[in-house]
Amino acid sequence: MPSPTPQVTEYKDRDGDVFRVIVPGPDPVFAVDLRVPLLEKNDQLAEANRRDFRKRGILAVNLVSSPGSGKTALLERTLDEFGREVRCAVLVGDLETDCDAQRLRREHVPVAQITTCGACHLDAAMVARGAENLDLGGVRVLFIENVGNLVCPASFDLGEEIRVVLLSTTEGEDKPLKYPPIFKSAHIVILTKTDLAKPLGFNEAAALENIRRIAPGARILTVSSRTGEGMVSWYAALGAALAGG
Amino acid sequence: MAAVLRTAGENRASRVHRIVLRVGSLSGAEPDALRFAFDIVARGTPADGAVLDIDEVPARAVCPDCALEFDADAAFITECPRCRRICGDLRQGRELELSRIEMS
């Protein structure tokens, strides 16, 4: 920091001794250039979560979608099938209620509800606190079901290894074009409720093309959690991620 | 805001006059919303009344095939204008950072 320019006045007394009075001038404005991410605190906590999960050999999966795209239904079936082979745990975020935690609770799966009391997304601190409430002993996959929202969760890293974005056939083919940041940030995009595609007149090819245009690097899966169609490819993707692929 | 006040403290500044942010067009942050929020969080702090300037960073991507660098602001689709390849290689545009503080 540059020092302020002081005003110096000299006085001489009767004996000829010189006194100097220094009055500091107004502090000059100075600038500091830096590069601090605005979400620095969340990013640091997310990095700490990621290190912690990796150290414990846990694959953290952040599931994001609009409300009602089928995150909970996908997890229910996943826990009943994949979860029998591989020990899983779930953190589930909602504004209020523990309805989803109740739906997901199973004897072989530790589940904790995070109630955000109105907040529209999970952040890394909530996930760290939520994980403390879970018995993660022997757990290989931690599913984090985010608050249903396609906007804010895009900006908040939770410390996950994989971000999965869901799009259901009931939402229309153009959702990826309307909410591009979240789709762009996805490692895997899952088209859900494919059993409804026909009655809805859903154009699957157009939807897949829209996903590809926004998220060219993402793996795309199509599933129906109700009929089980396509679930095997989802489990294979999880298995590959567990194996480090 | 914590970073602004921390930096001011580290530099023994008592007043923050101007803050510059770099905001990428694909960052998901709205400059107007940031300004609105800033005025509220700055109240009663050394940054009260500071000017908030926002440098908007356009999204740019690089084609992995032909190495052409191009604007990627159009609806988030990173399609190379030369070879039509859609790639995900964003060079800039996701920034959301504090880049300069002027204080005294």
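Guide: Let's start with one pair: A:Asp33 has B:Arg100, in E6(B), as its bridge partner. Before going on, a word about the model: it is predicted, so local features need pLDDT of at least 70, side-chain atom pairs count only at pLDDT 80 or more, and totals for chains, interfaces and linings use all residues. Residues count from 1 along each chain as its sequence is written, while chains get letters from A and ligands get numbers from 1 in the order in which they are written.

E3(A) and strand E6 (residues 96–103) of chain B run antiparallel and share six bridges; strands count as paired if DSSP finds at least two bridges between them. Elsewhere along E6(B), B:Met103 sits opposite A:Phe30.

Now zoom out to the whole sheet. Four strands make an open sheet with mixed pairing, in the order E3(A)-E6(B)-E1(B)-E2(B). At the edges, pairing on one side only, are strand E3 (30–37) of chain A and strand E2 (51–57) of chain B. On average, neighbouring strands here are turned by 20 degrees against each other, direction ignored. Helix H2 (residues 31–42) of chain B packs on this sheet, touching strand E1 (16–24) and E2 of chain B, and its direction makes about 160 degrees with that of E2(B). (Axes are lines fitted to C-alpha atoms, for helices over the stretch in contact, and angles between N-to-C directions run from 0 to 180 degrees.) H2(B) itself has 12 residues and reaches 16 Å from first C-alpha to last, close to the 16 Å expected at 1.5 Å a residue; that expected span is 1.5 Å times one less than the number of residues. Just after H2(B), B:Gly44 takes a positive phi of about 80 degrees.

How many residues of each chain are in contact with the other chain? In total, 27 residues of chain A are in contact with 23 of chain B, where contact puts the C-beta atoms, placed from the backbone, within 7 Å. On the chain A side, E3, helix H1 (40–55), helix H7 (180–184) and helix H9 (204–214) each give two or more residues. E3(A) gives the most, with eight residues. By class, this side of chain A has 17 nonpolar, two polar and eight charged residues; Ala, Val, Leu, Ile, Met, Phe, Trp, Tyr, Cys and Pro count as nonpolar, Asp, Glu, Lys and Arg as charged, and the others, Gly among them, as polar.

H1(A) has another partner in its own chain. The axes of H1(A) and helix H5 (residues 124–132) of chain A come within 8 Å and cross at roughly 35 degrees. A:Asn42, A:Leu45, A:Ala46 and A:Asn49 of H1(A) meet A:Ala124, A:Ala125, A:Val127 and A:Ala128 of H5(A).

A:Glu145 is the bridge partner of A:Leu63 and of A:Val92.

What about the cores? A nonpolar core is a set of buried Ala, Val, Leu, Ile, Met, Phe, Trp, Tyr and Cys residues joined through C-beta atoms within 7 Å. The largest has 62 residues, and A:Leu142, A:Ile144 and A:Val189 touch the most other members. A second, separate core of 14 residues brings us back to both chains, including A:Leu38, B:Ala8, B:Ile19 and B:Ile101.

Note on methods. Two residues are in contact if their C-beta atoms, placed from the backbone, lie within 7 Å. A residue is buried if 20 or more other C-beta atoms lie within 10 Å of its own, exposed if 12 or fewer, and partly exposed in between; C-beta atoms are placed from the backbone.
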